[in-house]
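The following exercises are to be worked with the sequence and the coordinates at hand. Each task is followed by a solution in steps.

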Amino acid sequence: MKKRILVVGVGGLGCPASLALAEAGVENLGLMDPDKVEPSNLHRQILYSEKDLGRLKVEAAADYLKNHYSRCKTALIPEALGAQNAEKILSEYDLVIDGLDRLEKKFFLNDWCVNLGKPYVHAGVVKFEGQVLPVLPGKTACLRCLIPKIPPPFAMPTCQEAGVLGSFSQAIGYLQAHEALRLAEGQGPFRLWKVDAQKREARSITPQRNPNCEACGKGKVGAETPQPLCAS
Ligand SMILES: [Zn+2]
């Protein structure tokens, strides 16, 4: 596939998503993450092994993908997504994967993708619950349509803080990649997946756009120039 896909956050979701995209034949994959591999990452971030401890995640991930799928070319971006680099980096890709850990960062990415008209796939996991939302800006509901007000910073625990089984976050990451491939091919309908590993339930619903959404509706902020609604 010629589409250029950017994975923002190469952790519990970004690792399996990157792997699935490379397996599927994506030839241009951007890997964006400023962090280094830590021991606590190893049980769920499947591109890393003990020999990678202390290395930049993007370098270790790129090595793994290069060794297994030589057709997949990776661009390494060892930076955090912020107001200073978001437009330049996101503009270079056709589609974006949200592999970020904190909810406030996910809103930040949502707002930039919506402002730039960039298709992207949100995913999140907390304990036994996971969700995946493909977003076609201006056409389907965005993350802010679902959650109008961003919770205060650090209000929601990350995977690492709340605890999550590696097998479950990997399943959600693969589902995220599956939806990204469908989105890249324009294969709708684009629905919100909700998965509950404890109840053993998976369902998909069509999320409704919020006409007053501050990212993609009448309440849009910064329609002319990208103006994220929250800080990085
Ligand atoms: Zn919206």
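**Exercise 1. Determine the geometry of the site of the zinc ion from the angles among its donor atoms.**

Solution. The model is a predicted one.
Step 1: the zinc ion has 4 donor atoms, and the angles among them run from 95 to 121°.
Step 2: four donors count as tetrahedral if all angles lie between 85 and 135 degrees.
Step 3: the site of the zinc ion is therefore tetrahedral.
For reference, the ideal angle for four tetrahedral donors is 109.5 degrees.

**Exercise 2. Identify the protein donors of the zinc ion and state how the donor residues are spaced in sequence.**

Solution.
Step 1: the SG atoms of Cys142, Cys145, Cys213 and Cys216 are the protein donors, lying 2.3 Å from the zinc ion.
Step 2: the spacing of these residues reads C-x2-C-x67-C-x2-C.
Step 3: distant parts of the chain are linked by the pair Cys145 and Cys216, which are 71 residues apart. Cys145 belongs to helix H5 (residues 143-146), and Cys216 to the segment after strand S8 (201-205).

**Exercise 3. Classify Cys145 and Cys216 as buried or exposed, and give the count of disulfides.**

Solution.
Step 1: buried means under 20% relative accessible area.
Step 2: Cys145 has 9% relative accessibility, so Cys145 counts as buried.
Step 3: Cys216 has a relative accessible area of 12% and is therefore buried as well.
Step 4: a disulfide requires a pair of cysteine sulfur atoms within 2.5 Å, and by this rule the count is 0 disulfides.

**Exercise 4. Describe how H1 is covered and what its buried residues pack against.**

Solution.
Step 1: of the 10 residues of H1, 9 are buried, which leaves the helix mostly covered. Among them are Gly14, Pro16, Leu19 and Leu21.
Step 2: the packing partners of these buried residues are S1, S2, H2, S4 and H7.
Step 3: after H1 comes Gly25, with a positive phi near 100°.

**Exercise 5. Which residues touch the most other members of the largest nonpolar core, and which element gives the most to this core?**

Solution.
Step 1: the core has 38 residues, and those touching the most other members are Val10, Leu21, Leu29, Leu31, Leu47, Tyr48 and Ile172.
Step 2: elements giving two or more residues include strand S1 (4-8), helix H1 (14-23), strand S2 (28-32) and helix H7 (166-184).
Step 3: H7 gives the most, with 7 residues.
Step 4: beyond its neighbours within four places in sequence, Leu29 is in contact with residues including Ile5, Val7, Leu21 and Leu65.
Step 5: another core, of 29 residues, lies apart from this one and includes Leu6, Met32, Ile77 and Leu109.

Notes: Residues are numbered from 1 along each chain as its sequence is written. This is a predicted model: local features need pLDDT of at least 70, side-chain atom pairs count only at pLDDT 80 or more; totals for chains, interfaces and linings use all residues. Side-chain values use heavy atoms; hydrogens and water are left out. A nonpolar core is a set of buried Ala, Val, Leu, Ile, Met, Phe, Trp, Tyr and Cys residues joined through side-chain atoms within 4.5 Å. Buried means under 20% relative accessible area, exposed over 50%, partly exposed in between (1.4 Å probe, protein chains only). Helices (H or I, at least four residues) and strands (E, at least two) are DSSP runs, numbered from the N terminus. Contact means heavy atoms within 4.5 Å. Donors are N, O and S atoms within 2.8 Å of the metal (3.2 Å for Na, K and Ca); water is not among the atoms, so sites may look incomplete. Four donors count as tetrahedral if all angles lie between 85 and 135 degrees; four count as square planar and six as octahedral if opposite donors are over 155 degrees apart and all others between 65 and 115; anything else is irregular.
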